[in-house]
Amino acid sequence: MYDVVIIGAGVTGSSSARELSRYNLNICVIDKEEDVCCGTSKANSAIVHSGIDCKPGTLMAEMNVKGNELMEPLSKELDFEFKRNGSLILCFAEEDMPHLKELYQQGIDNKIPDIKILSKEELHEMEPNISDEAIAAIYAPSGGIVCPFGMNIAMAENAYDNGVEFRFNTEVRTIKKIEGGYELSTNNGSIRTKCVVNAAGVYADKFHNMVSAKKIHITPRRGEYCLLDKTTGGLVSKTIFQLPGKYGKGILVTPTVHGNTLIGPTADDHDDPESTSTTAQGLAHVCQAATRSVPSVPVRQVITSFSGNRAHEDNHEFIIEELSDAPFFVDAAGIESPGLTSAPAIGIKVADIVCGLLKPEKNPDFNGTRKGIVDPKKLSEEEYAKLIKEKPAYGNIICRCETVTEGEIIDAITRSLGAKSLDGVKRRTRAGMGRCQAGFCSPKTMEIIGRELGLSQLEITKNGGKSNMVVGYSKKSAQEV
Amino acid sequence: MSSYDIVIIGGGPAGLAAAASAKRNGIDSILILERDSQLGGILNQCIHNGFGLHTFKEELTGPEYAKRFIDQVEELKIEYKLNTMVMDIAGDKTITAMNRTDGLFKIQAKAIVLAMGCRERSRGALNIPGFRPAGVYSAGTAQRLVNIEGYMPGREVVILGSGDIGLIMARRMTLEGAKVKVVAELMPFSGGLKRNIVQCLDDFGIPLKLSHTVVDIRGKERLEGITLAEVDNHGKPIPGTEEDYTCDTLLLSCGLIPENELSRGIGVDMNAITSGPSVNESLETSIDGVFACGNVLHVHDLVDFVSEEAAAAGKNAAKYVQNNCTMGEAGKEIPIIATDGVRYTVPKTIHVNRMEDELVVRFRVGAVYKNSYITTYLNDKQIIHRKRPIMAPGEMEEIKLKKSELEAFGGLENITVKIEEA
């Protein structure tokens with residue numbers, strides 16, 4: 001019997017796992033996908049919110065502000081990409097100024113550091129490409145951007161290195177209360193645990209409702225995005241929001257930590273948590289609405305588009321608590337935006353709740369430091385030359401667009417909780433994430449995955465399951481003769 | 001730091017021809033840098049025939065065509081490095097490159113020939129909505145998997161885009177036992193060569209649907225199907241024309257983009273229409289001693305023309321080196337104006353005193369023209385008025401300018417190339 005089973009290997013589950021690995025607990029994270037970071041955590045705005053727009057006094061506001069503070073030290077401890085680039089909320093009409101001021105006051109109430117209202121002149125001086133229609137803005141220097149994959153993977157790897165077990169391709173079907181805990185029946189047998197942490201994102205209501213009479217309801221709220229080529233990297237330096245108003249919640253324009261520009265998201269409620277397709281209308285809306293903030297946004301430079309589902313709980317509030325009618329079952333549910341920002345704080349809160357229940361000893365061997373995959377581009381020429389001499393695979397470029405070497409890809413596959421698929425390699429190294437979208441590198445990456453994991457090419461997948469890349473040998477190929 | 005007179009970036013058809021030509025024109029110190037494990041570039045995966053009709057008067061396969069040039073490079077004892085990625089080219093022509101054995105290293109060049117080729121437009125760039133399953137490939141990636149790696153990407157295929165690689169792959173996949181259901185093309189005309197439509201689609205009974213595009217992609221893990229729709233004159237899908245296809249593979253052949261990351265890095269002026277560098281009569285970019293040729297300059301249909309263009313670039317690079325790193329007296333730079341259906345020209349400008357006796361100017365038209373005229377004007381004086389029964393964006397056109405005629409024309413300010421309809 002485990003002490004703790006965490007359902008979901010997204011940011012919430014992985015952060016909770018890492019925080020709990022500070023204690024002497026027997027922990028297992030289970031996920032229905034083949035890898036960490038496969039749901040909401042992989043398809044979002046990649047923003048570290050300042051917390052201005054959270055309602056004061058809510059758990060959301062508390063977690064957001066705390067998560068924002070924790071992000072910088074955590075990014076250093078776990079070696080993932082984070083940048084405090086600051087954010088702007090644009091106001092386009094005189095009649096909306098009172099609303100902007102209310103929002104500013106809310107930011108003050110939430111104790112967001114150093115926020116101020118910028119005049120049109122100050123705004124345009126800060127961001128020359130902003131629309132002339134923007135008449136003022138709130139500037140929040142504490143806003144930031146993060147690599148959501150990097151953060152999620154780093155937390156999970158560190159949890160793993162501190163003894164947390166991960167089981168992938170494992171889907172929970174039912175949860176039953178048993179003596180001294182719970183029994184989870186899955187497609188891979190049943191799992192018993194004293195305590196459950198429900199970090200299942202868009203499925204969190206399903207698991208909550210299996211054990212509790214007090215039902216909750218989560219709506220998958222689709223957000224569609226377009227990612228622009230790195231040549232657009234200098235378009236804006238801050239994350240640009242639009243003041244929520246008659247145009248709806250607004251579309252953001254932001255640089256990413258890797259130098260692309262990201263625009264989106266739409267907000268479209270539906271009822272299929274698995275539906276992450278984009279729509280023609282959605283993408284058109286994103287491109288059109290982004291030009292309201294930044295008229296010169298070069299929508300012809302789109303290199304990919306994607307959508308993700310926010311786990312929108314009916315009351316629009318995080319639920320992080322032990323269920324009153326299901327002891328030792330801890331929800332981390334309704335984690336929609338600002339969930340990514342809040343993840344470090346949510347992990348701590350979940351760990352506090354679980355520790356209150358299980359009263360564990362500290363783990364004396366806990367090591368909170370993790371080294372990411374070496375990015376040779378960040379080395380000096382001397383260091384880079386030395387690295388290639390030691391490991392020649394770092395001299396072999398596989399992904400041209402993002403200049404990712406074979407050395408990085410091998411590291412991504414062979415390290416703790418390593419990549420097993422093309423998307424797994426992509427999220428860890430960026431191979432295939434550039435402007436040709438894996439056109440050149442996918443055959444080579446497939447070969448490396450096959451070699452390192454001892455798989456036939458027919459077994460290589462894009463992202464697990466039945467997403468095989470090739471279906472057989474070509475007719476004249478020697479393998480079939 | 002090692003140094004060479006001419007460094008050629010890319011060992012595909014353009015780089016090979018440029019190197020051989022530079023050597024024959026008297027330069028010994030030449031280095032080709034190639035990122036793949038063999039010379040020949042994309043030709044190595046083009047195992048169909050039809051290459052070399054112009055150059056060798058015979059039909060060769062891609063690898064055979066490449067071999068002719070690789071043999072020349074070997075015979076001429078031209079140095080090359082394989083598996084070598086050029087990371088950066090500085091304005092002073094210092095090249096930073098990398099491979100497994102030499103590590104990270106720098107080379108000083110007197111002249112550089114850019115010959116990096118092109119890449120395919122991706123699904124993302126087309127912004128096709130839907131899911132993102134496995135089974136959506138660019139046609140060239142699928143070609144590599146089938147012809148080089150020996151794998152079948154799928155069994156039931158829809159192809160979007162009627163570029164030449166897509167047409168060739170329609171035939172290849174069919175010959176390999178797959179069912180190619182349809183080739184859809186957004187434009188009201190094909191983007192590929194007429195001969196490929198006949199030999200790759202018509203001969204196999206594969207339908208070509210013009211003015212159609214993919215409006216949805218289904219399948220969470222592996223592709224399960226797509227939806228095609230007819231488009232209006234503005235390329236917008238017409239509601240009610242949607243048609244579902246089950247398929248496990250979608251191949252995209254929707255255009256090629258010159259690979260000019262290095263060119264931008266070095267700072268050469270770019271042509272927004274071709275996405276390649278702007279060049280003059282010597283195929284020289286805006287930076288002295290940096291030349292460009294082949295698909296990195298503008299996307300070609302026929303490799304024969306790539307070889308021809310690259311030979312000129314190699315010759316000019318040799319001339320530059322022999323002439324103490326200058327192309328000689330510049331004289332006046334005459335712009336070539338591309339208008340009225342002519343999308344661009346290569347070259348874009350001409351120094352009359354530096355041009356060869358006869359200069360080939362290549363261009364593409366923006367639409368299909370029937371029984372129209374290619375015309376050329378020196379200032380306002382028409383010098384070429386040539387009837388063409390059919391011209392299409394998928395087929396490159398050319399005119400030839402004579403140095404003697406341009407020299408004899410007093411007060412030349414500009415040259416205009418345009419299409420005049422009958």
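In chain B, strands β10 and β18 (residues 249-252) run parallel and are joined by three bridges. Strands count as paired if DSSP finds at least two bridges between them. Helices (H or I, at least four residues) and strands (E, at least two) are DSSP runs, numbered from the N terminus. This is a predicted model, in which local features need pLDDT of at least 70 and side-chain atom pairs count only at pLDDT 80 or more, while totals for chains, interfaces and linings use all residues. Residues are numbered from 1 along each chain as its sequence is written, and chains are lettered from A in the order in which they are written.

**The sheet in chain B**

**Where the chains meet**
- Chain A brings 43 residues into contact with 41 of chain B, a contact being two C-beta atoms, placed from the backbone, within 7 Å.
- Elements giving two or more residues to chain A's side include α7 (280-293), α12 (442-453) and β23 (472-473).
- β23(A) pairs with β11 (residues 151-152) of chain B, antiparallel over two bridges.
- Tyr473(A) has Tyr151(B) as its bridge partner in β11(B).
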